[in-house]
Amino acid sequence: MKKIIFFAICFIAILASCSNDDDANNGNNNDNNNFADNFGANINADFFGRIADPSGIAIAGAVVSVGGQNTTTDSNGLFIIEGANVNEQFAYLKVEKNGFFNASRSLIPTNSAAHVQITMLPRALTGSVMSGKSSSVTGADGEQVTFGGDFVDANGNAYNGTVNVYMDFLDPTDNMTQTAMPGMLYGEDENGNEQGLDTFGMIIVELEGASGESLNLADGSPATLCFPVDPSLQGVAPATIPLWFFDEANGYWKEEGLATLNNGEYCGETSHFSFWNCDAPFPIEEVCITVTDDQGNPIAGADVCITTASITYARCGVTDANGEV
């Protein structure tokens with residue numbers, strides 16, 4: 001199917017009401033102080049899709065899991081999962097493959113099998129530092145991490161020696177970011193409320209010791225992350241912006257800290273590593289769209305994106321067998 005960037009131009013797009021819509025979930029209140037209350041009741045849902053690398057080459061043998069079900073991709077990078085136990089307003093799908101950073105997608109299930117496209121980022125060594133002293137590593141796109149010098153292993157024990165740094169950057173002006181970022185641009189702010197997120201850049205950082213053991217920052221030894229801001233966004237980038245880390249256990253972003261814009265980049269401090277994101281929050285609404293041809297037949301597999309003047313990053317999804325997203 002032709003890619004639909006502006007659905008109103010190429011196809012008949014009908015704003016519709018999905019059967020699993022819940023107006024109570026639209027908005028930012030979380031009165032019960034339990035963020036999962038926003039996700040609705042448990043349901044069974046089906047998922048299919050394709051996993052590829054940044055060049056679009058299929059990744060075979062990737063392990064895909066969602067809602068207690070798992071499978072592996074075939075030689076074309078394709079997978080199908082049926083009967084996954086998810087929530088009516090939230091599903092979290094994870095992908096793992098040696099040689100790549102873990103990938104994921106969060107989405108609202110539809111009435112038919114949800115179509116998922118995920119790009120996995122290669123996990124290549126960016127640089128190495130020595131424990132015990134301040135040092136920095138800079139990535140290919142200008143992203144940078146500066147370490148205080150103290151590190152711990154997965155058991156919290158102090159680590160001394162070589163620290164290998166694996167890092168990558170996602171630019172919001174790059175179309176690939178839509179399929180390569182974890183989860184979706186949806187998070188929990190510091191007050192426990194749900195927010196839509198307008199991203200100005202993301203960084204993934206993972207640390208390993210000389211023997212391949214997983215490392216992180218020691219208490220009291222934070223690191224500084226610097227995110228290059230695309231020149232096209234310099235005029236709208238706020239002077240300060242909240243930082244958000246991706247919660248891999250739950251599948252959404254959480255607000256933690258603040259970054260400041262200086263000399264074309266956002267820099268902020270972190271005490272642990274994950275995927276980190278510079279995002280301006282905004283209120284969210286759920287919209288269900290059905291895409292058809294001029295005869296009223298649903299169009300499956302169409303990419304639908306909604307843009308606004310005030311939000312720099314489009315909201316996109318892929319239609320299911322009923323033409324619904």
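**Salt bridges in a predicted model**

Aspartate 247 is buried, with a relative accessible area of 11%, where buried means under 20% relative accessible area, exposed over 50% and partly exposed in between (1.4 Å probe, protein chains only). This is a predicted model, in which local features need pLDDT of at least 70 and side-chain atom pairs count only at pLDDT 80 or more, while totals for chains, interfaces and linings use all residues. Residues are numbered from 1 along each chain as its sequence is written, and side-chain values use heavy atoms, with hydrogens and water left out.

Visitor: Which side chain does aspartate 247 meet in a salt bridge?

Guide: A salt bridge is a side-chain nitrogen of Lys or Arg within 4 Å of a carboxyl oxygen of Asp or Glu. For aspartate 247 the N to O value is 2.9 Å, and the partner is lysine 254.

Visitor: Is glutamate 208 buried or exposed?

Guide: Glutamate 208 forms a salt bridge with arginine 123, with the closest N and O atoms 3.1 Å apart. Arginine 123 counts as partly exposed because its relative accessibility is 23%. Glutamate 208 has a relative accessibility of 16%, so this residue counts as buried.
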